[in-house]
Amino acid sequence: MEIANFAVLRRRLGCERSALLSSLVSERIGRVAPMASIAILGRTQLSCCFRDTDAEAIDKRIEAIERAFQQPFIVDDQTMTVALTFGGATAPDAHVDEVALVEQAESALAEARIAYRAITHAVPARARLDTVRTARELDTAIEQDQLVLHYQPKVHVRRQEITSAEALVRWRHPTRGLVMPNDFIPVAEECHLIDRMTLWTIRRAIADQRDLAARGHDLRLFINIAGQLLADDAFVREACDLVGGSDARLGFEITETSVIRDPASAIANLQTFADFGITIAIDDYGAGLSSLAYLKQLPARELKIDKLFVTQLTSSNRDPLIVRSTIDLAHALEMEVVAEGVETHAALALLTVMGCDMVQGFLISRPVVLESFIQYLDEGRHRAPAPDPLAAFAGFAANRRGR
Ligand code: C2E
Ligand code: CA
Ligand code: CA
């Protein structure tokens, strides 16, 4: 916990006397919670450790302390209230990793401080155990080819053809069934498995692209590249070796946020990828941090408008304006624009009028396994010449839903 109004109190008490505040706080907590072990960490911070039989007890403990601090202190005949901010973490007794627990409480405190909230709890340490288990299983999954890529086409609106597809990873888990990326990519990133996983993805996409070409479909395949990999020189080298050693036509989707972290090395590495013939696309544009300064410097050829703006395109007043100006901006920077998350004919029509170059979304096709994707491409080709091939794609997508 932290004395949130320390600066104000120091102004009233002076430096020397304010240094005693933490011991006053410690004494009062000791009275409310005699079983706790309390330590003074500095002028403003204290730690407090409880052993309880149930994890929720920590809430009651903190409430009791908070109540006790509604009562003012009297120092040098002055009345003053000490405001506390709390960060908490719990772990089952049998599995206490003390350092991890303290670190979680510290980051909960940092969060509480930023959010001006009185109390924040870290993710319970039980979740930490799940992460460790998932990471261990994922390690095996990469080794044993339990991962699989699903492909979702991008349709070029004016040319009315499928020019590329995005590879989206899934995990065929032996007991949990098909696990979606949002449930394991964060673990892969945290536990440093993301580099191996992504190299697997690149190898798989290169092989799948050969299969596609052999069946008469020459498409560029896009892979999602996590931000932290743009600062990983070993990954960049290995990825370039894989791509350079093949005749693959790949694209990498990266978010702007990942560039902002370490712009110099990210931009240099993106340029290396571009030099290897890899098309760079900016993913989720508009969803995170955006910086026009970096946008101009990136060797990107495509800008993907985040699906959040696209799914609300026809129901919101503001989003069409954002989409329209993003399209114009990208064109001014000589980039092509992809709208992702196209789910309705109305959105497709509006995007077409706005000059959007490519569309991707459930309306056209959900992400599907390679064999279904090839079948989709085969059947799509045989449907030409349709009066409105996009409508044909859309109708086709509707028929396939649920397959
Ligand atoms: P993303 O790159 O933004 O991928 C698009 C996500 O939107 C996919 O979810 C896709 O299934 C979904 N989507 C496609 N069309 C529509 C639509 O019309 N409406 C809606 N509501 N959603 C649509 P998915 O496959 O669950 O992937 C989630 C995220 O996981 C991806 O977001 C990407 O950030 C990450 N991811 C997936 N594969 C990889 C990978 O191989 N490596 C890395 N690093 N990240 C990956
Ligand atoms: Ca993507
Ligand atoms: Ca995206």
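Which of the 24 residues around ligand 1 come nearest? In this predicted model, Gln152, Arg170, Asn224, Glu343 and Phe362 hold that place, a residue being near a molecule if one of its heavy atoms lies within 4 Å of it. Because the model is predicted, local features need pLDDT of at least 70 and side-chain atom pairs count only at pLDDT 80 or more, whereas totals for chains, interfaces and linings use all residues. Residues are numbered from 1 along each chain as its sequence is written, chains are lettered from A and ligands numbered from 1 in the order in which they are written, and side-chain values use heavy atoms, with hydrogens and water left out.

The chain contains 16 helices and 17 strands; these are DSSP runs numbered from the N terminus, with helices (H or I) of at least four residues and strands (E) of at least two. Of its 403 residues, 45% are buried, where buried means under 20% relative accessible area, exposed over 50%, and partly exposed in between (1.4 Å probe, protein chains only). Among contacts (heavy atoms within 4.5 Å) between residues at least 6 apart in sequence, 66% join residues at least 24 apart.

The shell around ligand 1 divides into 11 nonpolar, six polar and seven charged residues. In this division Ala, Val, Leu, Ile, Met, Phe, Trp, Tyr, Cys and Pro count as nonpolar, Asp, Glu, Lys and Arg as charged, and the others, Gly among them, as polar. Strand β9 (161-173), helix α7 (194-214) and strand β13 (279-285) each supply at least two residues of the shell, and the largest share, four residues, comes from β9. A polar side-chain atom of Arg170 lies 2.8 Å from an oxygen atom of ligand 1, and an N or O atom in the side chain of Gln152 is 2.9 Å from a nitrogen atom of the ligand. For Glu166, an N or O atom of the side chain is 3.2 Å from an oxygen atom of ligand 1. On its own, ligand 1 has 800 Å² of accessible area, and the protein covers 85% of this; accessible areas come from the Shrake-Rupley method with a 1.4 Å probe, and for residues only the protein chains shown count as cover.

Arg170 also makes a side-chain polar contact with His150, at 3.2 Å. Such a contact is a pair of N or O atoms within 3.5 Å; within protein, one must be able to donate a hydrogen and the other to accept it, and residues adjacent in sequence count only if both atoms are side-chain atoms. His150 is located in strand β8 (residues 147-156) and is buried, with a relative accessible area of 11%.

The calcium ion (ligand 2) is coordinated by Glu166 (OE), Asn224 (OD1), Glu253 (OE) and Asp283 (OD), at 2.2 to 2.3 Å. Donors are N, O and S atoms within 2.8 Å of the metal (3.2 Å for Na, K and Ca), and water is not among the atoms, so sites may look incomplete. Asn224 in strand β11 (residues 220-224) and Glu253 in strand β12 (residues 250-255) are 29 residues apart, a pair that links distant parts of the chain. Asn224 is partly exposed, with a relative accessible area of 30%, whereas Glu253, at 1%, is buried.

Asp283 lies in strand β13 and Glu340 in strand β15 (residues 336-340), so the pair ties together parts that are 57 residues apart in sequence. Both Asp283 and Glu340 are buried. The calcium ions (ligand 2 and ligand 3) lie 3.8 Å apart, bridged by Asp283.
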